Amino acid sequence: VPVSTILDYHQFPLWNPYHCGGSPLLAHPQSSFLSPTVLFSLIFGVVKGVKLEIMLMSVIGLYGAYLVSRFFGAGLIPSIIASFVFMFNSMFSLSITEGMLNFLTVPYIPWVFYFYLKSFSDLRFCLLSGVFSTLIFLGGGVQVLIITFTFLAIYSVFSIVSRKSSIIRTGKVIGLLLLITLSLGAIKVIPSLEFTNQYPRIVEDYSGYSL
C-alpha cells in the first residue's frame with residue numbers, strides 16, 4: 001500500500017484505504033514504510049525488494065551479533081557461531097516466512113545493545129544506539145523495541161547490583177537513549193501515541209512473542 005500510494009498517487013502514505021474500510025498508516029505502530037529499506041521495494045518492486053531487504057538485514061544482524069560477542073571477549077569462531085545462532089534461528093526465519101515482516105527489525109537489536117554497552121565509556125555512542133532503536137520503531141517493530149528496552153532495563157539493574165556500573169552513569173545512558181529515540185522517531189511516535197490512545201487494542205490471546 002505505501003509503495004502504491006507513493007508511486008501511483010504521489011502522496012505521503014498517511015492512510016490505508018484497503019484495510020477495514022480505511023485505517024491509519026503512518027500512525028499505526030506496525031507500519032514500516034518509514035524504514036530506509038523500503039527503498040528496495042520502491043526501486044525493484046515489492047517482491048524483489050522484500051527479498052533484498054531480507055538479505056541485507058541478515059548481514060546486518062550477523063555482524064551486529066558478532067560485535068556483541070567480541071565485546072564480551074569471545075573468540076573469532078565462537079563469535080561467528082553466536083551470530084549465526086542469533087540471526088538464523090527459527091524464531092526469526094519462520095516469522096519472516098509467514099509474512100510478519102516487522103520482524104525484519106530484529107537484526108537491529110544487537111546494534112542497540114552494542115552501542116549501549118559502549119556508551120558507558122563514551123556517551124556519544126548513545127546517539128548510535130538511539131539511531132538503531134529508532135530504526136526498529138520506524139520499521140514497525142514496536143513489540144521488538146518494547147522487549148529490547150525491557151531487556152536493557154533488566155541488564156542495567158544487574159549491572160548496578162554487580163557494581164559493573166554506577167546508578168548515575170546508567171541513568172544517564174538510559175535517559176539519553178530514550179530521549180534520542182523519542183526525538184528521532186517523533187514523526188511516527190506522536191501519531192502512534194494519539195492513535196493508540198483513542199483506539200486502544202484490547203488483546204486477550206497473547207502470542208508467544210509477548211513479554
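Is serine 93 buried, partly exposed or exposed, and what is its relative accessibility? Serine 93 counts as partly exposed, at 30% relative accessibility, where buried means under 20% relative accessible area, exposed over 50%, and partly exposed in between (1.4 Å probe, protein chains only). This is a predicted model, in which local features need pLDDT of at least 70, side-chain atom pairs count only at pLDDT 80 or more, and totals for chains, interfaces and linings use all residues. Residues are numbered from 1 along each chain as its sequence is written, and side-chain values use heavy atoms, with hydrogens and water left out.

**Helix α5 and serine 93**

- Serine 93 is placed in helix α5, which spans residues 90-97; helices (H or I, at least four residues) and strands (E, at least two) are DSSP runs, numbered from the N terminus.
- Along the chain, serine 93 and serine 58 are 35 residues apart, and their C-alpha atoms are separated by 10.0 Å.

**Helices α8 and α9**

- Two packed helices are described by the angle between their axes and the distance between the axes.
- Helix α8 covers residues 142-161 and helix α9 covers residues 167-184; their axes come within 10 Å and cross at roughly 170°.
- Axes are lines fitted to C-alpha atoms, for helices over the stretch in contact, and angles run from 0 to 180 degrees between N-to-C directions.
- Helices α8 and α9 are therefore roughly antiparallel to each other; angles under 35 degrees count as roughly parallel, over 145 as roughly antiparallel, 65 to 115 as roughly perpendicular and the rest as oblique.
- The crossing of α8 and α9 is right-handed; a crossing is right-handed if the near helix is turned clockwise from the far one by less than a right angle, and left-handed if anticlockwise.
- On the α8 side, the contact is made by Leu145, Phe149, Leu152, Ser156 and Ile160, and on the α9 side by Ile167, Thr170, Ile174, Leu177, Leu178 and Thr181; contact means heavy atoms within 4.5 Å.
- Sorted by class, this contact of α8 with α9 has 8 nonpolar, 3 polar and no charged residues; Ala, Val, Leu, Ile, Met, Phe, Trp, Tyr, Cys and Pro count as nonpolar, Asp, Glu, Lys and Arg as charged, and the others, Gly among them, as polar.
- Arginine 163 lies in the loop between α8 and α9, and its phi is near 65°, a positive value in a residue other than glycine.
- Arginine 163 is exposed, with a relative accessible area of 78%.

- The axes of α6 and α7 come within 8 Å and cross at roughly 160°.
- Helices α6 and α7 are therefore roughly antiparallel to each other, and α6 passes α7 in a left-handed crossing.
- In α6, Ile109, Trp111, Val112, Phe115, Tyr116 and Lys118 meet Phe125, Leu128, Ser129, Phe132, Ser133 and Ile136 of α7.
- By class, the contact of α6 with α7 has 9 nonpolar, 2 polar and 1 charged residues.
- Leucine 123 is found in the loop between α6 (109-118) and α7 (125-138) and is partly exposed, with a relative accessible area of 28%.
- Neighbours within four places in sequence aside, leucine 123 is in contact with Arg169, Val173 and Leu176.
- Leucine 123 and leucine 176 are 53 residues apart in sequence, and their C-alpha atoms are 8.5 Å apart in space.

**The salt bridge**

- Side chains of opposite charge can pair when their charged atoms come close.
- A search of the whole structure finds 1 salt bridge, defined as a side-chain nitrogen of Lys or Arg within 4 Å of a carboxyl oxygen of Asp or Glu.
- Arginine 124 forms a salt bridge with aspartate 122, and the closest N and O atoms are 2.8 Å apart.
- Arginine 124 counts as exposed, at 67% relative accessibility.

**Helices α1 and α2**

- Helix α1 spans residues 2-9, and Pro2, Val3 and Thr5 are buried in it.
- The buried residues of α1 pack against α2 and α3 (46-71).
- Histidine 10 follows α1 and has a positive phi, near 55°.
- Serine 41 lies in helix α2 (residues 38-44) and is buried, with a relative accessible area of 8%.
- Apart from neighbours within four places in sequence, serine 41 is in contact with Val3, Val46, Gly49 and Val50.
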